[in-house]
Amino acid sequence: MKNNARQRGHLGTPEQMASSESRANVGRWASRVDMTTHIREDVGFFGPPGRRMFGCTHLPLHAPSAGVVVCSPVQAEFLRNYRREVLLARSLAARGIAVQRFHFRGAGNSDGDSSEATFETMCQDALDATQMLIGATGVADIAFVGTRVGGLVAASIARNHPGVPLVLVAPAVDLSAYFREIFRGRLVSELKEVARGRQKSSRAPMEELRQTGMVDILGYPIHRALFDSIVGRSLVEEVGEGPRPILVVQVGKDDRVRRQYAALMTRWRESGFAVDSFGIDLNEPWWFGGGVSERRVEPIRASALIEGIGHWLLGQLSS
Amino acid sequence: MDKGIIDAATECEEPVFFPAGAETLFGVLSRPISQGTEPAVVLVGGGWYGTSSGRNRIMIRIARRLTSAGHSVFRFDYHGVGESTGSVTLFDLDRPFAEDLEAAVAFIKDRGLTECALVGVCFGARTILEIAPELGGLRGAVLVSPPVRSVRDEIGRPTRRSVSMWKLVIHGLRPWVLRDLLDSDRRRYYGRVLAKTLRHKQRKLLSRGRSLELSREGNARGASAIFLESINRLLERQIPLLLIYGRSDTYFQDFQAERMDGLGEVLEKGAGLVDLRVVDGEAHALGRMDLQDQIIDTVCDWMRDRFRAGTEIKA
């Protein structure tokens, strides 16, 4: 594989592509060209000084035919899904589609603290990333991919682009249930600690969140601001009424479509949406993992996920 | 809000790609705004699917805190992880990614950062031990929850130790052991070690005449030969070391067991160079935010005390 971290594609560097007005909002970037897959990756910081986001723009070496914005999940799920998103982006870029990935403010390499993040700021970040992609490539056709809570964000900002394709990977349908599942994970972990004779937390997660404004879930903070801004939402409301092509990707060991997804897809189809779905046979713990026993990297079924999403997006964006 | 971290963190940061063998790795180089202080620091992550950021951005938080204190800091993704190229299916403690770390150190040397300290977690700590003994310009190393034994020792083949009862008694009278006995968890642990040793002695008596069973690496002790040799060589070079364990880490239990034997002898030779810090809980999993904060504070305070870093810029 021949990689050249210094060559530039015909699109120029992010600094070159930025207009003079927006150049101040472009931080430092690094580029890498892969001559095997014929893609270029621009990785760096964008946005106003002091509030910059970390972003990765994956580009074909020729003019892209369309663009995709990837909205990541949060906290443990963000790390868990990270490499899959990188590989998906590279695969799409190799097929002629520009992809913009980014870290929400307060997460990953971006500026800010997690306590500042809300659903609204996450949507604004995704909008900024979308503008970054459009500004860098000039693509007219665009699609959105979101995983878990990132699916909610993707759905929300997709409303600004009527009719564009939307991919939802293991989406959180009911956000109250989503947080209950996360909090339950902490209780399970605490039970293990009690079994080992170690003291457990004296407060239930919700109580801790209410009293202190933050709850520690297996080493990741869930702040009150984020919780309050998301918990009352639903995927149905964020997707809205305007029909669009939707792909739902179910991740898990279930043989059949989960009831909540089945109900969702039925409702959308009845409203005129073109809905497709497929499942990935994978026991994905999302919030657990990374421990001593996980030295062997779980076969994350990246190839099946990437092929499925890539095939669907190519079909949607070329039609 | 993370204490002591400047708000405009990315203003100090430069994303980079750099070669490591056939792969291209991604890293972020942080430079202090004001005049820098030596040494630079290279952060070496644990072995899992996560990126260089680490659990709850712990590596980023360490990087930004140390940059605020005047150090240049480099964090990077292993091959097959994060934004780097390549693929990986197994993080083998016996085969750490030395080439990746060597490339990272070479990269910062090319940038004029000729002296560095290395900070690694678990697999990252083993990676450090793989290359650190002969690494030029090394000023110090921080090993968070470093596994003492080889992975094959961990997965079912118990490593026989030969520890004399006399040594056990002498060790048991040391002040830090007596202090540990005040803690119920530690008392239970020492009880298990004593029971294991007595069982071993009993088996030996019953099988008198058989040769002493050696560990996989031809070493009559339980600690990995590479671990022992690396620590020994670093101390011979007068390289200061900080070891951080969680009291509940299984790796700490191994460390404590090996301290009663060959590892203890090695560490005693480096008295004054080795700092051991033990935090409550499991440091390896980094599964609690207060524990993460403790580790960050411990690393940064040690860097300040050892290398007289500049004043932190408060947020």
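1. Chain B and chain A bury about 4,200 Å² between them, with 51% of it on carbon and sulfur atoms. Buried area here is the accessible area (1.4 Å probe) that two parts lose on being put together, summed over both. This is a predicted model, in which local features need pLDDT of at least 70, side-chain atom pairs count only at pLDDT 80 or more, and totals for chains, interfaces and linings use all residues. Residues are numbered from 1 along each chain as its sequence is written, chains are lettered from A in the order in which they are written, and side-chain values use heavy atoms, with hydrogens and water left out.

2. Who takes part? Chain B brings 54 residues to the contact and chain A brings 53 residues, where contact means heavy atoms within 4.5 Å.

3. Two salt bridges are counted between chain B and chain A; the term means a side-chain nitrogen of Lys or Arg within 4 Å of a carboxyl oxygen of Asp or Glu. One salt bridge joins the side chains of B:E11 and A:R52, at 2.5 Å from N to O.

4. On the side of chain B that touches chain A, the elements giving two or more residues are β1 (13–20), β2 (23–30), α1 (58–68), α4 (151–154) and α11 (289–307) of chain B. β1(B) gives the most, with five residues. Helices (H or I, at least four residues) and strands (E, at least two) are DSSP runs, numbered from the N terminus.

5. Turning to helix α8 (residues 225–236) of chain B: B:S224 caps its N-terminal end, with a side-chain oxygen 3.2 Å from the backbone nitrogen of B:I226. Just after α8(B), B:Q238 takes a positive phi of about 65 degrees.

6. Several residues of α8(B) are buried, among them B:F227, B:L228, B:I231 and B:L235; buried means under 20% relative accessible area (1.4 Å probe, protein chains only). Their cover includes α3 (123–131), β6 (138–144) and β7 (241–246) of chain B.

7. As for chain A, it has ten helices and twelve strands. Of its 319 residues, 57% count as buried.

Conventions. Buried < 20%, exposed > 50% of the residue type's maximum accessible area, 1.4 Å probe, protein only. Polar contact = N/O pair within 3.5 Å; in protein donor to acceptor, adjacent residues only side chain to side chain.
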